[in-house]
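Dear colleague,

Please find the structure below, handed over for your records. My notes on the helix packing follow it.

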Amino acid sequence: MLRCLAELQQARLSSSKKQKKQLLRALKSCLSARCPAFDGYDQEDAHEFLMLILLQLKEEGEALRTSCVSSICPVEHFEFQLKSVRTCTSCGLQVSRVEDFNHLSLNLRSTLAHSLHAYFQPTDIEISCECEQGCRASEVQEFSTLPRVLILHVMRFDMLDYGEKLKDRMDIPAQLDLSDFPGVASLGKQSSGSTSFQASPRSSLRPGVSTHRPLQTAWCCVSFGEQLGQRPLHQ
């Protein structure tokens, strides 16, 4: 997978359509060897496609690292951590844990910021507490680390309504400031870097450069099949 993507990156400016088709077929064959569902030409889930690529890249990167080859796994640019805190509603006992992520799946709202804020809203969950009386808890999440590239997956199906396809439009700003989101303020104190991410407008797919910090970010609404903006990592 690493070789396929590297060759595609090198051929991006090539005028040879035949070469690009061959490289894309090689990428498809590499992925379908792991997941036969992608072997044919039926329409498949774009989010699953992305996750499989990241998973395979992660495994190949770790294999290279264990073989004493000096390399940086490209998936590391997408990885970050969220800290979740569960509080028993009966005794107030708190339990926290940190989990690794490479993307966030958001429910569709009117704006991207609203969707992201909704993701971090407290949720009520069932638990088994040490106090033996509590069976409910409130769970909140916050950023523990930030990625170099933040992938946001906007879900277009309402699974609570028999999988109805949502056709509402979402407003995606040219710049998304993460400083108001849980945990980011404390991270900003630890680093002099900005917490702003930029995305290209819908009307343009041309690469751009952030004026806030040397971050390349991508906004790709994979569930809608529409790429809103992309900044390649090599720039």
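In α2, Cys30, Leu31 and Arg34 meet Phe49, Leu52, Ile53, Leu55, Gln56 and Glu59 of α3, where contact means heavy atoms within 4.5 Å. By class, the contact of α2 with α3 comprises six nonpolar, one polar and two charged residues (Ala, Val, Leu, Ile, Met, Phe, Trp, Tyr, Cys and Pro count as nonpolar, Asp, Glu, Lys and Arg as charged, and the others, Gly among them, as polar).

This is a predicted model, in which local features need pLDDT of at least 70 and side-chain atom pairs count only at pLDDT 80 or more, while totals for chains, interfaces and linings use all residues. Residues are numbered from 1 along each chain as its sequence is written, and side-chain values use heavy atoms, leaving out hydrogens and water.

Helix α2 (residues 17–34) packs against helix α3 (residues 46–66) at an angle of about 85 degrees, the axes being 11 Å apart. The two are therefore roughly perpendicular (65 to 115 degrees). Axes are lines fitted to C-alpha atoms over the stretch in contact, with angles from 0 to 180 degrees between N-to-C directions.

The axes of helix α1 (residues 2–10) and α2 come within 9 Å and cross at roughly 160 degrees, which makes α1 roughly antiparallel to α2 (over 145 degrees). Cys4, Leu5, Glu7 and Leu8 of α1 touch Lys20, Leu23, Leu24, Ala26, Leu27 and Cys30 of α2. Eight of the residues in this contact are nonpolar, none polar and two charged.

With kind regards

Notes: Helix = DSSP H or I, 4+ residues; strand = E, 2+ residues; numbered from the N terminus. Parallel < 35°, antiparallel > 145°, perpendicular 65-115°, else oblique.
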